[in-house]
Amino acid sequence: WLPLQSQLSQALNGLSDRAKEAKEFLVQLRNMVQQIQENSVEFEACLVAQCDALIDALNRRKAQLLSRVNKEHEHKLKVVRDQISHCTVKLRQTTGLMEYCLEVIKENDPSGFLQISDALIRRVHLTEDQWGKGTLTPRMTTDFDLNLDNAPLLQSIHQLDFVQMKVSSPVPAPPILQLEECCTHNNSATLSWKQPPLSTVQVEGYILELDDGNGGQFREVYVGKETMCTVDGLHFNSTYSARVKAFNKSGVSPYSKTLVLQTSEDTQSEEQTLPFPVPLERSQLRRMSPFSSTLNLQPSFSGRSYFELRSSAHHQSLHSSLQSLNSAVDIKKMVAVAWFSFDPASAHADIIFSNDNLTVTCNSYDDRVVLGKTGFSKGLHYWELSIDRYDNHPDPAFGVARIDVLKDAMLGKDDKAWAMYVDNNRSWFMHNNSHTNRTEGGITKGATVGVLLDLTRRTLTFSINEDQQGPVAFENLEGLFFPAVSLNRNVQVQL
């Protein structure tokens, strides 16, 4: 029995070890239960905080949208009340004239009647003419043309879910810049790249970086899946460095080789001082190519400048900006001129183009926006738009805008545009749907609207028929701005 006793003792020792391991495992499981509970509380708190942040953002956006509706409401009431006041005054004058005429008709003295009849008839005709076309037409609709597109947000909310990030592949290899497809035009640069031919690592997107044109720090200008990108609004006559890297869920690749790009340069000439601003006789300009970035201005100009500068206080700001423009070109070199046309690619689909994209109108009664092809971030820029057609007293708007401005609303309705909108009697400045500086003086067919963007002083000024319209419209402008116009089918303008 001794051998059996020894065998049982050994078996008990093994079972004792298993029992000890089981006790330790139970302690580990109980610790896991505690940890799961703690992690659950922490995760729930994080989830509630994230959802509360989304709700707060939605409430803030709700308040902003309500503010826009209130501003639209106030604007519509203001326009209608102004028209009521104007029409009431005219009606009172007309009624008074009618009553006076009836009393004159009752006059029994022929000689007295003959003395005033001719003048009175002329006055009646003149008053009748003042009730011309459009006077008895409402200048404002009662509808609120604001449609809230919440479908994308609702879809995003329904797709809100947890994502478990798992490393399943290595980071991508650095992309290769395709030099034969990279180029510059005007103040834009186009970059193209690809993955190495033998790379099999999945790529989710790319990050393109440019420096500031002065050898400064790189900054991201594009993040996405495309392998080609055009960057607008660069400085003229500047050297930029570009690089790109790829990324996936595992991380970010090293950078590609750095590519150096040169934007369009100024053209050098003999020692001469050119008259500036550009004179009205623009036909004497020799274009190196249609709407090229640089233009040779011939030194034999005899015409006047765009503006006849006045010394009144009302015109001092415009005079000061143009004087700085004159001083800026008092150097021994030719002036670089950024020619541009309207841009069909970024315009609303209702815009109609003609005359090599220099003339635009619209096939809708609603306001639609069209931008110029070239963006400006520094320097002094001036352009004009002639009113080729103006029917039924619409309110076209002129100014500058960001590239992502609303295209289906009047220019200045959002915070991406700075504009002057004008009818046949007066004008207003508008930005972020805020209307300021009502100024008498409107436009008719054949009128010319001028836009002066001074990014040295960071100001925007407007003119109508070469006279400054109102004070300096906007100040403290900074960033990239594109020439912009909004109009409907009752207006046609030419750049």
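**Entry 1. Ground rules.**
I number residues from 1 along each chain as its sequence is written. Because the model is predicted, I take local features only at pLDDT of at least 70 and side-chain atom pairs only at pLDDT 80 or more, while totals for chains, interfaces and linings use all residues; side-chain values use heavy atoms, with hydrogens and water left out.

**Entry 2. Overall make-up.**
I looked up the secondary structure and found 4 helices and 24 strands. Helices (H or I, at least four residues) and strands (E, at least two) are DSSP runs, numbered from the N terminus. The protein has 495 residues, of which 37% are buried. Buried means under 20% relative accessible area, exposed means over 50%, and partly exposed is in between, with a 1.4 Å probe and protein chains only. I then looked at contacts, meaning heavy atoms within 4.5 Å. Of the contacts with a separation of 6 or more, 65% are between residues 24 or more positions apart.

**Entry 3. Salt bridges.**
I searched for salt bridges and the structure holds 19. The criterion is a side-chain nitrogen of Lys or Arg within 4 Å of a carboxyl oxygen of Asp or Glu.

I checked Lys78 and Asp82, which form a salt bridge with the closest N and O atoms 3.3 Å apart. The two are 4 residues apart in helix α1 (residues 2-105), which puts about one helical turn between them. Lys78 is partly exposed at 38% relative accessibility, and Asp82 is partly exposed at 29%. Both belong to a network of salt bridges that also links Arg139, Asp395, Asp423, Arg426, Arg438 and Glu440.

Next I took Glu209 and Lys245, whose side chains meet in a salt bridge at 3.9 Å, N to O. Glu209 lies in strand β4 (residues 205-210) and Lys245 in strand β7 (residues 239-248), so this pair ties together parts that are 36 residues apart in sequence. I find both Glu209 and Lys245 buried.

The pair Asp350 and Arg368 has an N to O distance of 2.8 Å in its salt bridge. Asp350 is in the loop between α4 and β12, and Arg368 is in strand β14 (residues 368-371), so the pair ties together parts 18 residues apart in sequence. Both Asp350 and Arg368 are buried.

I place Asp343 in the loop between α4 (316-328) and β12 (351-354). Its side chain reaches the backbone nitrogen of Ala345 at 3.1 Å. Leaving aside neighbours within four places in sequence, I list Phe353, Val370, Leu371, Gly372 and Lys373 as contacts of Asp343.

**Entry 4. Rings.**
I searched the whole structure for aromatic pairs and found 9. Rings of Phe, Tyr and Trp (its six-membered ring) pair if their centres lie within 6.5 Å; planes under 30 degrees apart count as stacked, over 60 as edge-to-face and the rest as tilted. Trp193, Tyr206 and Tyr222 form one aromatic cluster.

I also looked for charges over rings, with NZ of Lys or CZ of Arg within 6 Å of the ring centre and within 35 degrees of the ring normal. The charged end of Lys90 sits over the ring of Trp131, 4.8 Å from its centre. The charged end of Arg402 is over the ring of Phe481, at 4.4 Å from the centre.

**Entry 5. His381.**
I located His381 in strand β15 (residues 380-390). His381 has a relative accessible area of 14% and is buried. A polar atom of its side chain lies 2.8 Å from the backbone oxygen of Lys378. His381 and Leu452 are 71 residues apart in sequence, with a C-alpha to C-alpha distance of 5.9 Å. Beyond neighbours within four places in sequence, the contacts of His381 are Phe376, Val451, Leu452 and Leu453.

**Entry 6. Positive phi.**
I noted Asn392, a residue other than glycine with a positive phi near 60°. Asn392 lies in the loop between β15 and β16 (397-401) and is partly exposed at 48% relative accessibility. Asn465 likewise has a positive phi, near 55°. I place Asn465 in the loop between β21 (459-464) and β22 (467-468), and at 42% relative accessibility it is partly exposed.

Methods
A polar contact is a pair of N or O atoms within 3.5 Å; within protein, one must be able to donate a hydrogen and the other to accept it, and residues adjacent in sequence count only if both atoms are side-chain atoms.
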